[in-house]
There are 2 protein chains.
Amino acid sequence: MARVAICAPSRAITEEMADRVLALASDYPGLELQFHPQCFLTDGHFAGSDAQRRAALAECANDPAFDSVWAARGGYGAVRIVEDVLGDLGQAAQDKRYLAYSDGGTLLAGLYRHGIGQPVHAPMPADIARDGGEGAVRRSLAYLAGEHAGLEPGLDSRPVVAFNLMTLAMVCGTPLMPDLSGHVVMVEEVAEHLYAIDRLFFHVTAHLGGIAGLRLGRVGDVPENDIDFGQAAPQIARHWCERHGIRFLGEADIGHDVANKIVPFGLAGRGAAQ
Amino acid sequence: MARVAICAPSRAITEEMADRVLALASDYPGLELQFHPQCFLTDGHFAGSDAQRRAALAECANDPAFDSVWAARGGYGAVRIVEDVLGDLGQAAQDKRYLAYSDGGTLLAGLYRHGIGQPVHAPMPADIARDGGEGAVRRSLAYLAGEHAGLEPGLDSRPVVAFNLMTLAMVCGTPLMPDLSGHVVMVEEVAEHLYAIDRLFFHVTAHLGGIAGLRLGRVGDVPENDIDFGQAAPQIARHWCERHGIRFLGEADIGHDVANKIVPFGLAGRGAAQ
């Protein structure tokens, strides 16, 4: 039996969303999900206060009864607690997989920097609210149950990470930033103007010296500006990779959408089920 | 006679905007403005190609006939050329003041890091398009003519810089970032969600160890989110300053608005006219 603890380091989900995910999970007999009550708290923007989110995340990670910790939703907030949570983690936290993406990337980054457990970029329970979101949630459920069909198809012999571009930009140069030398770095973005994408690529590529290369996930829901930017996202990525001596390795099958694939950080995605 | 070269490292202005600024400038007999034709070029988002913007900025900076270089407008783009321009600058560029704000902060940052000339956070010609924008433009015109009435009122004996928060965030940790130890750092923001402000403060305060303190300018035009953030901008700034051991020094009289005051970088704002 693979046991999964779900908490919400950023924004809250509803009981109805949890029920829909639990209903799907009943199709995976080897899997047992437990939604921490903190998932449903709200405190302004967040799923409870910083202290409540920190306590729930540490509790899930430190409980030896669970094999994985799954972030319920992104939406901003994890970065306010991750540094503290890292200091709260004991031995039981080492043996777990941690699934998240989007804002949850700050958690994955901090865990990866400190060599704690197995960070995994993957769809979250809140994806159930998207049109067609069942497929995204099932992808993570199957992965948690030990299947590898949902892995990003371009994984190769090089270590890899995957991040939302803005999330990675905010992590660069901070105590949450892992050493990514030799890594293939995948980035995706949603709901940012192309000029902001360009600005983010300046910043991120300036921080990514020594990586094996960059792959661009989907850049979705780009708002219309008062002036056409004149370049598409792949041109922007190529431009900044070239400027900063980084190999541009083409597209990646990740994004803020229901097709978002799974990327276990490091070399964990290759070979037999972990 | 104080001679001012105006070019557009980011977005273009119109001839009509330039004419309105020139009309105001006629009230300052000691001042002569020259709009570089590059100000009116457009190439997608930008005021001409990267090569055209770089050439115009270097030309203005390297021309000994000018005492100051004034960025016509922000809006994104300077960061694509500033590193190259810094390599283009000769002796005549050292003796100048450089006025800009918003996206132009990337130029001010790079100049300040390399000790070139006198970077100054100040209203730009494009502010003429704001309601009441004449007052903002006159503030810079008077400063360029040698008056100090438009200086930010809180300048004291400590060196200072002023930036748009997002612009500073993108500069952090890059080759454009100056050493700000011992500085009072002022930041302002416009048109960003409060959760994004919080995220930016995490990033920026993680990079600002050793500064004398942070002052918060105006945070304007905050878009409404689907959920109320629950904290106002000053609380956010205080939170992150406290987290990262930075003194929060209160408000600053800067912002993306017509009241935006002038902040000469370093200690240049004090004492006699430079």
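In this predicted model, chain B and chain A meet through 39 residues from chain B and 39 residues from chain A. Putting the two chains together buries about 3400 Å², and carbon and sulfur atoms give 57% of that area. On the chain B side, three residues stand out: Arg80(B), Met170(B) and Arg199(B) supply 20% of the area that chain B buries against chain A, more than any other three residues.

Where the domains touch, 15 residues of domain 1 of chain A are in contact with 14 residues of domain 2 of chain A. About 1100 Å² is buried between domain 1 and domain 2 of chain A, with carbon and sulfur atoms giving 69% of it.

| Parts | Buried area | Share from carbon and sulfur atoms |
|---|---|---|
| Chain B and chain A | about 3400 Å² | 57% |
| Domain 1 and domain 2 of chain A | about 1100 Å² | 69% |

Next come two helix pairs in chain A. Two packed helices are described by the angle between their axes and the distance between the axes.

Take helix H1 (residues 15-25) and helix H5 (residues 133-144) of chain A: they pack at an angle of about 55 degrees, and their axes are 10 Å apart. That angle makes H1(A) oblique to H5(A). The crossing of H1(A) past H5(A) is right-handed. H1(A) brings Val21(A), Leu24(A) and Ala25(A) to the contact, while H5(A) brings Glu134(A), Val137(A), Arg138(A) and Leu141(A). Sorted by class, this contact of H1(A) with H5(A) has 5 nonpolar, no polar and 2 charged residues.

How do helix H7 (residues 194-207) and helix H8 (residues 233-243) of chain A cross, and within what distance do their axes come? They cross at roughly 25 degrees, and the axes come within 9 Å. H7(A) and H8(A) are therefore roughly parallel to each other. H7(A) also passes H8(A) in a right-handed crossing. From H7(A), the contact uses Leu194(A), Ile197(A), Asp198(A), Phe201(A), Phe202(A) and Thr205(A); from H8(A), Ala233(A), Ile236(A), Ala237(A), Trp240(A) and Cys241(A) take part. By class, the contact of H7(A) with H8(A) counts 9 nonpolar, 1 polar and 1 charged residues.

Key. Residues are numbered from 1 along each chain as its sequence is written. Chains are lettered from A and ligands numbered from 1 in the order in which they are written. This is a predicted model: local features need pLDDT of at least 70, side-chain atom pairs count only at pLDDT 80 or more; totals for chains, interfaces and linings use all residues. Side-chain values use heavy atoms; hydrogens and water are left out. Axes are lines fitted to C-alpha atoms, for helices over the stretch in contact, and angles run from 0 to 180 degrees between N-to-C directions. Helices (H or I, at least four residues) and strands (E, at least two) are DSSP runs, numbered from the N terminus. Angles under 35 degrees count as roughly parallel, over 145 as roughly antiparallel, 65 to 115 as roughly perpendicular and the rest as oblique. A crossing is left-handed if the near helix is turned anticlockwise from the far one by less than a right angle, and right-handed if clockwise. Contact means heavy atoms within 4.5 Å. Ala, Val, Leu, Ile, Met, Phe, Trp, Tyr, Cys and Pro count as nonpolar, Asp, Glu, Lys and Arg as charged, and the others, Gly among them, as polar. Buried area is the accessible area (1.4 Å probe) that two parts lose on being put together, summed over both.
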